[in-house]
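Here is a short briefing for a reader new to this structure. Look it over first, then read on.

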Amino acid sequence: MEQVQTTCSILHNRCNGEKGELSMSEYIVELRNARKCFPGVVALDKMQLAVKPGEILGLIGENGAGKSTLIKVLTGVHQPDEGEIYVNGERKVFRNPNESAAAGIACVYQELNIEKLLSITDNIFINKWIKGKNGLLDYKAMHKKAKEVMASLGQDVDPEKPAGSFGMGVQQMIEIAKAVLIDAKMIIMDEPTSSLGEKEVAQLMKTCRELRDRGIGIVFVSHKLEELFELCDRVTVIRDGQYIDTRDIADWTNDSLISAMVGRTLDNLFPKEFGKKGDVALKVEGLEEGGVLFGVDFEAYNGQILGFAGLVGAGRTETMRAIFGADPIDGGKIFVHGKEVHIRNPRQAIKEGIAFLTEDRKGQGLVLAQTIRTNLILANMKGFQTGLFLNEKKIEEKGQENINSLRIKTPSIDEIVGQLSGGNQQKVVIGKWVNTNADIFIFDEPTRGIDVGAKIEVYNVMNRLVKEGKCVIMVSSEMPEILGMSDRVVVMRGGKVMATVDRGSKHFNQESLMKAAWGGTLDE
Amino acid sequence: MNKKKKLNGNSVLGTLAALIILCVVLTICSDKFLTYSNLMSVLKQTTFTALLACGMLLCLITAGIDLSVGANATFCACVMGMMVKANITNPVVLLVVALAVGTLIGLVNGLLLTRLHLPHPFVSTLGMKNFLWGASLLVTGSQMISGFPKGVTWLGSATVGGFPVSFIVLIVIYIIMHILLTRTALGRSIYCAGGNMEATRLSGINSANVLTFCYVVSGFMAALAGIVSVGRSGICNGANAIQPYDTDAIASCVIGGASFMGGKGTMAGTLIGALVIAVLRNGFTLMAIDSSIQNMVLGLVIIGAVLLDVTRESLAAKARRKEAAAKA
């Protein structure tokens, strides 16, 4: 009943808004002129966002454009330094997430807030329990309500089962159910499709449209342009913490969205430069690791980028970890510059001149709580010693050189790495490995989760390395990146090498490589 | 660099100020406090706590903890007592055995953590503490033992013009540890292994060995503390294994700026922290305050120190935000 009333009043306001009598209420939630600073960065400046009732507003921007901060300001996690928030035309100040929720703003974060061991009901009713007359929790009523809400979102599930026993799609619906239950007027969805399969995405879109038809305003954050075109009524673009533009979806094109997002036209996403092909730097023969790798063979040359393509789980990262001595191997030979080596741990690998930039930057690449200075020397402390002691002067000089040449944006070399943006963190990891004087560089998903500008800078580092005659191996799940940057490509599937394709070959295209990745054979 | 140094300096200076205020208050409250002999006995008390705190600090920096240091010190003293009872009175043999036993216990703590992958050293070292408590009573037959040779008691009892030799040794150890932590690759690795063990390992550093090293040092320092305690009291007593020595050591580190989250802490701060604890205990004794009250107050001091750490952290974060806002 309440639901219906809210919807009616929304519709009423909407009508009024269209007549121009109540212009304040045209938007259900409006953020004006917001500014938010963090140490060393202005995360938001003159930011605005306006959501109409019963619309799906797309929100798009590069990584680091300020989307997360914008969301957190709207949900009361952060308080803006300047600027105002209006809900139904009324000025609001959110001191914490509860106040934002009370005003009807809900958010489904990319990293879901699901307690996997608790039931769906428990997850939905956390903090807003239904209590019986005796003051104890009334599970019967809650289960019933939970089932209803989930059913209204197209999910026929048993609410008594633990949330973790369902897939990501259902877990996401639990989050949405929470929002529906607090009678949210606006629901923010932060990259909701990133962890969903095709079918689940379709269901999510259907649910979004239904919520929209109930008069709820939806902010849909996504990196995938085709999703925005399929789903959204309007799209807002932000860049570098600033508001850029909002247009009806019909007035956007792929190109105009991208150029609004990056602030320039991207003529060359992949600034490929060629080195001079040299000798075999790394040769791997019959690499075996129980249950993961089944006889991997390949050769990587000096002065070239060797791309590693394949589906997730094809054994690419495992191959690299095995070569680097991060995991023990069960068989096979590894040759560095023609000499057989027996690498049992990362320390020995580094001694052989191998550098390994891991795909998990925060978990395996950096000590986030320490400074840039410390992280830059982590893989080669011996090189920065004079006698028994660390040579701070040498560290300082080299560190400044790294910061300049890699264009690490930071107020000082003593900044805590955890405070930097993803792209800058990645550059610190690269700096760490450049400082080891390695000549075989393994880059595992080097551009994952960093923005377009930083990506290009990472590519340029790779270009520089191959021009210096070094050997670069790049594992990537982004086919355009593989095609854009590699001199040769190894395609893996199920722990085996399926194909090796030279840049000049007729198979050096997305179709052929995908075919091999899916298990097909390529003719000669 | 300057900014960071200033921040660290401030926290050490703050602790120092607290120490000075405490001393001024005690000077006013008791006319016995500011006497040479009393101050020297404070330094003797400090030595014991500070030795335990030295190893504890390393463990705390790695986001670990060693709850067995107090029991370890007692056990090492008791092992010497057992040997004395068995008529082994060569001081060199006694000292070497005590240091070896303490270090070995530290090694076991380290290996439990790094090779057997016990989840958090809190549990394993707590178990070790109880084990050593029982073992201390076992080797001494639950009796106090006296009659240690001079060579053993020298370190804890000798003075130079009334100034305890043990405190001079302590200062030397602290200077060496300070240099180790701030100037060497091993020291930097300790901070890093505490922050992210896997990233440190994949950077070619043997994180497991680095962590083990910290617990070995902790065990060695505990043995040294045990030797000092024998020198001070002339006896060993297995029942002391459950005295709150570990708590005093942890309090020293935390008052001195270490954090349970790891990655933080200095030798200088820890020394001042140990002085604060020793001065507090001394003041209680001078004012004849009941030992139960003493323990309650010390408990509150620890809670206060952690609270201070948290507040300091959030104030620093706020200051950085303001600075950033001003710059932008």
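Residues are numbered from 1 along each chain as its sequence is written, while chains are lettered from A and ligands numbered from 1 in the order in which they are written.

**Confidence**

- Chain A averages a pLDDT of 88, and 93% of its residues score at least 70. (pLDDT is the predictor's confidence in each residue, from 0 to 100.)
- (Two residues are in contact if their C-beta atoms, placed from the backbone, lie within 7 Å.)
- Where pLDDT is low, the predicted coordinates should not be read in detail.

**Overall build of chain A**

- Chain A holds 18 helices and 22 strands. (Helices, H or I with at least four residues, and strands, E with at least two, are DSSP runs numbered from the N terminus.)
- The radius of gyration of chain A is 26 Å, close to the 24 Å that the globule rule gives for 524 residues, so chain A is as compact as a globular protein of that length. (The radius is taken over C-alpha atoms; the rule is 2.2 Å times the number of residues to the power 0.38.)
- The C-alpha trace of chain A spans about 75 × 50 × 50 Å along its principal axes.
- Of the 524 residues in chain A, 47% are buried. (Buried means that 20 or more other C-beta atoms, placed from the backbone, lie within 10 Å of the residue's own.)
- Among contacts in chain A with a separation of 6 or more, 68% link residues 24 or more positions apart.

**The six-stranded sheet of chain A**

- Six strands make an open sheet with mixed pairing, in the order S6-S7-S8-S3-S9-S10. (Two strands pair if DSSP finds at least two bridges between them.)
- Its edge strands are S6 (105–108) and S10 (242–248), each pairing on one side only.
- S3 (residues 56–60) and S9 (residues 234–239) run parallel, joined by four bridges. Leu57(A) has Arg234(A) as its bridge partner in S9(A).
- Helix H7 (residues 198–213) packs on this sheet and touches S3, S7 (186–190) and S8 (217–221); its direction makes about 150° with that of S8(A). (Axes are lines fitted to C-alpha atoms, for helices over the stretch in contact, and angles run from 0 to 180 degrees between N-to-C directions.)
- Helix H9 (residues 254–262) of chain A lies across S3, S9 and S10, at about 30° to S9(A).

**The four-stranded sheet of chain A**

- Four strands form an open antiparallel sheet in the order S2-S1-S4-S5.
- S2 (41–51) and S5 (90–92) are the edge strands.
- Neighbouring strands here are turned by 30° against each other on average, direction ignored.
- Seven bridges join S1 (residues 29–38) to S2(A), running antiparallel. Leu31(A) stands opposite Leu49(A) in S2(A).
- Helix H2 (residues 67–74) packs on this sheet, touching S1, S2 and S4 (82–87).

**Where chain B meets chain A**

- In chain B, 25 residues are in contact with 32 residues of chain A.
- Helices H1 (2–29), H8 (185–195), H9 (197–202) and H13 (291–327) of chain B each supply at least two residues of the side that touches chain A.

Notes: This is a predicted model: local features need pLDDT of at least 70, side-chain atom pairs count only at pLDDT 80 or more; totals for chains, interfaces and linings use all residues. A residue is buried if 20 or more other C-beta atoms lie within 10 Å of its own, exposed if 12 or fewer, and partly exposed in between; C-beta atoms are placed from the backbone.
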